Amino acid sequence: MATSADSVDVVVVGAGIVGAFCADRLSAAGLRVCVVDRGAVVSGTTGAGEGNILVSDKAPGPELDLALLSRRLWFDLLDELPSVELDAKGGLVVAGTPDGLAALVTAAADQRAHGVEAVEVAADDLRTLEPHLTDGLAGGVHYPQDMQVQPMLAAAHLLRRARSRGAVVRAHTELLTIERGADGAVTGALTRGGLIACRWVVNAAGTWGGEVAAMAGAPVPVLPRRGFILVTEPLPPGTVRHKVYGADYVANVASDNAGLETSPVVESTHSGTVLVGASRERVGFDRTTSYDVLGRLATQAIALFPMLAAARVQRTYRGFRPYCPDHLPVIGPDPRVDGLLHACGHEGAGIGLAPATALLVTEAVLGGTTSLPLDAFSPTRFGEVA
Amino acid sequence: MSDGREEFTLRVDGHEVPAYDGETIAAVLVRSGRISWRRTRHGDRPRGLFCGIGACQDCLVSVDGVRGVRACLAPAFPEAYVSTDEGATDA
């Protein structure tokens with residue numbers, strides 16, 4: 001029996017990967033859930049990345065702990081849902097210079113001490129893992145735990161499963177404000193489609209999480225960081241076998257775009273296309289295509305995989321990573337507003353971190369202890385937020 | 001149907017096929033009775049013209065040895081050598 005969408009227990013704002021996992025887990029816990037999104041399902045950053053589930057790019061600390069837990073939760077989906085193209089392909093981080101390699105190896109040793117599998121790969125052995133990799137690299141580290149998924153497919157299946165438990169999903173339903181009672185606690189979510197009475201609101205609005213938080217009078221500093229991806233024509237199976245990336249983001253100081261950083265990231269997909277990234281810029285929500293950035297990404301990718309020079313680019317896309325000043329997400333109850341929880345600000349790691357985020361949020365809603373401490377992800381850790 | 005347009009031939013997979021000035025290669029293929037000229041990587045299903053506007057990448061052919069050409073956008077021209085067997089992609 002479908003929940004009446006006029007009165008539920010939880011309104012989840014955002015039908016991306018984090019919102020989908022939250023709706024799935026909250027509904028599994030027996031709560032009545034309504035998901036709202038001002039756009040279509042997965043129309044935000046979820047559909048604009050590479051679907052990565054990584055531990056390789058995380059230094060020891062709260063985010064790595066979250067990533068290790070979250071990775072295990074992704075595996076649960078293998079048996080539970082139709083195929084979401086979950087691929088335990090592994091990651092390979094390569095260094096072009098001896099200094100770069102030394103730094104990479106040191107970082108890997110630190111990660112290894114905190115639960116990450118990391119295997120050093122000598123220069124001569126790199127092509128055992130990636131036959132088409134260029135000559136002349138100094139070496140690398142193999143991270144067998146890195147994975148990839150089709151995030152839009154995953155979110156769609158999670159939302160469908162949530163709906164099978166009575167959750168309601170309202171796309172194209174913009175949130176206008178979060179209503180609060182005399183005691184300041186959440187009483188409902190006012191949308192363009194009407195008021196939804198609820199006890200809790202989960203802010204899973206990703207890059208727009210700051211706007212949603214402001215509606216409740218509980219600002220959080222989530223800002224956009226633009227990234228581009230090139231998609232090649234489908235290439236023969238086995239062309240690129242892992243997520244392969246260079247260790248350092250290169251700051252392009254000569255660029256006129258705020259803080260442009262690029263680094264080579266190359267990986268394939270289930271259909272055989274190869275995705276080329278990665279760039280980071282603070283340009284607000286500027287959706288126009290930057291051919292300068294695309295050119296840099298293509299050049300860097302060819303430097304790693306020379307055969308890509310002959311590959312046709314079928315299309316490109318861009319997305320806006322939701323980042324906080326300390327590059328950690330905002331997760332958990334907001335002490336300023338009873339009934340408000342946040343689940344946003346995951347920057348480039350949202351896909352991987354989504355299931356653990358949903359677990360923590362659900363545990364918080366149910367009122368028990370959380371599987372990980374939430375202090376590092378607190379919405380009030382920032383001091384004064386404009 | 002010629003309506004005054006120049007008529008010429010292409011070679012498609014080794015066979016001569018009539019074409020008219022102003023047509024796309026996809027139009028030539030479809031008029032010659034061919035509605036699919038690729039197979040999918042997963043499931044080996046037939047593919048040919050789909051969106052017709054250069055977006056879906058389903059209609060890829062090789063033209064004069066150049067792989068990955070969208071037949072729905074490529075103009076037919078005299079003596080064009082069109083191949084659909086080369087694995088224009090491996091998809």
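Ala, Val, Leu, Ile, Met, Phe, Trp, Tyr, Cys and Pro are counted here as nonpolar, Asp, Glu, Lys and Arg as charged, and the others, Gly among them, as polar. With these classes in hand, the second largest pocket of this predicted model can be described: its lining comprises 12 nonpolar, 16 polar and 11 charged residues.

This second largest pocket has a volume of about 1000 Å³. Of the 39 residues that line the second largest pocket, Gln150(A), Thr269(A), Ser271(A), Thr273(A) and Arg315(A) lie nearest its centre. Two elements of chain A, helix H5 (151-164) and strand S18 (313-323), each give two or more residues to the lining. The largest share, three residues, is that of S18(A).

Elsewhere, two helices of chain A meet. The axes of H2 (residues 62-80) and H8 (residues 350-366) come within 7 Å and cross at roughly 90 degrees. H2(A) and H8(A) are therefore roughly perpendicular to each other. On the side of H2(A), the contact involves residues including Leu66(A), Leu69(A), Leu73(A) and Trp74(A), while H8(A) contributes, among others, Ile351(A), Leu353(A), Pro355(A) and Leu359(A). By class, 12 nonpolar, three polar and one charged residues make up the contact of H2(A) with H8(A).

Aromatic rings provide a further feature. Over all chains, the structure holds three aromatic pairs. One of them, formed by Trp208(A) and Phe285(A), is stacked, at 5.4 Å centre to centre and with 20 degrees between the planes. This pair links distant parts of the chain, 77 residues apart. Trp208(A) lies in the loop between strand S12 (200-203) and helix H6 (209-215) of chain A, and Phe285(A) in the loop between strand S17 (274-280) and helix H7 (291-304) of chain A.

Terms used: Residues numbered from 1 in each chain as written. Chains lettered and ligands numbered in written order. Predicted model: local features only at pLDDT ≥ 70, side-chain atom pairs only at ≥ 80, totals over all residues. Heavy atoms only, no water. Axes fitted to C-alpha atoms, helices over the stretch in contact; angles between N-to-C directions. Helix = DSSP H or I, 4+ residues; strand = E, 2+ residues; numbered from the N terminus. Parallel < 35°, antiparallel > 145°, perpendicular 65-115°, else oblique. Contact = heavy atoms within 4.5 Å. 1 Å grid on protein atoms, 1.4 Å probe; cavity = no way out; pocket = protein on both sides within 12 Å on 5 of 7 lines; lining within 4 Å. Points joined across faces, edges and corners; volume = space filled by probe spheres on them. Phe/Tyr/Trp six-rings, centres within 6.5 Å; stacked < 30°, edge-to-face > 60°.
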